[in-house]
Amino acid sequence: MDTRLKDKVALVTGGAQGIGRAISELFARHGAAVGILDIKAELAAQAAQEIAAAGGRAVGFGGDVSRRESFVETIAELERRFGRFDVLVNNAIWVRYGPIENITPEMLTRMVGTGFNSVVWGIQAAAPAMVRSGGGSIVNIASSAGFLGVPNAMLYCGVKAGVLGLTRSAAADLGPQGIRVNAVCPGSVLTEGVRINVTPEMMAQRIARAPLRRMGEVMDIAQAALFLASDESSFMTSEAMLVDGGVTNAFL
Ligand SMILES: NC(=O)c1ccc[n+]([C@@H]2O[C@H](COP(=O)([O-])OP(=O)(O)OC[C@H]3O[C@@H](n4cnc5c(N)ncnc54)[C@H](O)[C@@H]3O)[C@@H](O)[C@H]2O)c1
């Protein structure tokens with residue numbers, strides 16, 4: 001058994017599928033008890049069951065991350081069940097790409113609610129629980145889009161740039177209490193969320209422009225989240241770690 005998160009208690013939002021699911025599995029394999037908070041309650045429960053069947057500890061929670069109470073209730077329940085709380089991964093989001101003229105009030109509310117407000121509420125609810133446990137690590141899944149002007153993605157780029165701002169400020173506020181706050185910034189990874197927004201032609205173009213000439217795998221991102229969650233990164237806070245195959249910094 002790998003032990004980089006031995007005896008830690010973690011919450012992963014959006015852990016029912018995609019990158020969040022891979023993070024949940026990897027954290028459990030490394031000894032953490034993992035709460036999976038997702039709007040897809042059945043899928044979250046199924047993910048938790050499969051982790052348990054593989055010998056890990058996990059609990060699925062159905063809930064909407066844009067609501068403050070979802071975090072308050074879920075973290076309280078994890079503390080009750082496992083006695084402590086150490087790691088929060090803010091991963092969930094609902095995303096739609098599209099031209100500026102197609103943005104509706106509903107899209108704006110939903111994307112900002114799931115991708116930005118959720119990070120605010122997650123950090124707010126996690127911090128006191130982490131203080132009770134002697135410190136902790138918050139990992140925000142941002143995006144290379146937080147640094148870039150991606151065409152047809154004004155809301156997404158804005159939300160992810162905002163998450164990087166939340167990360168830096170929260171790191172300054174919470175560092176003295178032993179809480180580290182970092183971001184992972186993935187490049188393109190083929191998940192359900194991406195299939196909805198990116199055509200096969202766009203994917204082929206992205207691969208052609210990537211120094212490593214491939215898309216990311218969910219485990220590429222999960223490994224970075226594991227490093228930032230674990231004590232191996234104990235002198236890192238306020239960092240935005242690109243895991244994008246070199247795309248953002250290349251001029252190809
Ligand atoms: N896949 C990529 O290429 C890529 C690139 C850069 C950044 N990211 C980021 O990685 C994270 C995960 O992306 P993914 O591709 O795995 O996404 P995904 O769409 O496959 O999964 C997102 C998960 O969030 C959940 N979710 C959506 N709305 C929710 C809500 N209101 N409350 C609770 N849960 C909710 C979904 O049910 C789903 O399980 C996101 O923050 C995304 O922006 C992904």
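This is a predicted model: local features need pLDDT of at least 70, side-chain atom pairs count only at pLDDT 80 or more; totals for chains, interfaces and linings use all residues.

Reader: Ok. Is Ser238 buried, exposed or partly exposed?

Author: Ser238 is partly exposed, because 16 other C-beta atoms lie within 10 Å. Ser238 sits in the loop between helix H8 (218-229) and strand S7 (240-243). Helices here are DSSP runs of H or I with at least four residues, strands are runs of E with at least two, and both are numbered from the N terminus.

Reader: And what's the phi of Ser238?

Author: Positive, about 75°, although Ser238 is not a glycine. For background, most residues other than glycine have a negative phi.

Reader: What about Asn152, what's phi there?

Author: Phi of Asn152 is near 65°, again a positive value in a residue other than glycine. Asn152 belongs to the loop between strand S5 (136-141) and H5. With 15 other C-beta atoms within 10 Å, Asn152 is partly exposed.

Reader: Where does Met154 lie?

Author: Met154 is in helix H5, which covers residues 154-174. Met154 is partly exposed, as 15 other C-beta atoms lie within 10 Å.

Reader: Staying with H5, at what angle does H4 pack against H5?

Author: About 10°, with the axes of H4 (residues 105-132) and H5 10 Å apart. The axes are lines fitted to C-alpha atoms, for helices over the stretch in contact, and angles run from 0 to 180 degrees between N-to-C directions. That angle makes H4 roughly parallel to H5. Angles under 35 degrees count as roughly parallel, over 145 as roughly antiparallel, 65 to 115 as roughly perpendicular and the rest as oblique.

Reader: Which residues make the contact between H4 and H5?

Author: From H4 they include Met107, Leu108, Met111 and Phe116, and from H5 they include Leu155, Val159, Leu166 and Leu174. Contact means that C-beta atoms, placed from the backbone, lie within 7 Å. By class, the contact of H4 with H5 has 15 nonpolar, 2 polar and no charged residues. Ala, Val, Leu, Ile, Met, Phe, Trp, Tyr, Cys and Pro count as nonpolar, Asp, Glu, Lys and Arg as charged, and the others, Gly among them, as polar.

Reader: How do H3 and H4 pack, then, at what angle?

Author: Helix H3 (residues 68-82) and H4 pack at about 30°, with their axes 8 Å apart. H3 and H4 are therefore roughly parallel to each other. Arg68, Phe71, Val72, Ile75 and Glu79 of H3 meet Trp121, Gly122, Ala125, Ala126 and Ala129 of H4. The contact of H3 with H4 divides into 7 nonpolar, 1 polar and 2 charged residues.

Reader: Changing topic: which residues come nearest to the ligand?

Author: Gly14, Gly18, Ser143, Thr191 and Gly193, out of 27 residues around the ligand. The elements giving two or more residues to that shell are helix H1 (18-29) and helix H6 (192-197). The shell has 11 nonpolar, 12 polar and 4 charged residues.

Reader: Last one: what is Val184 in contact with?

Author: Leaving aside neighbours within four places in sequence, the contacts of Val184 include Val139, Ile141, Ile221, Leu228 and Met241. Val184 is in strand S6 (residues 179-186), and with 26 C-beta neighbours inside 10 Å, Val184 counts as buried.

Methods
Residues are numbered from 1 along each chain as its sequence is written. A residue is near a molecule or strand if its C-beta atom, placed from the backbone, lies within 6 Å of it. A residue is buried if 20 or more other C-beta atoms lie within 10 Å of its own, exposed if 12 or fewer, and partly exposed in between; C-beta atoms are placed from the backbone. Two residues are in contact if their C-beta atoms, placed from the backbone, lie within 7 Å.
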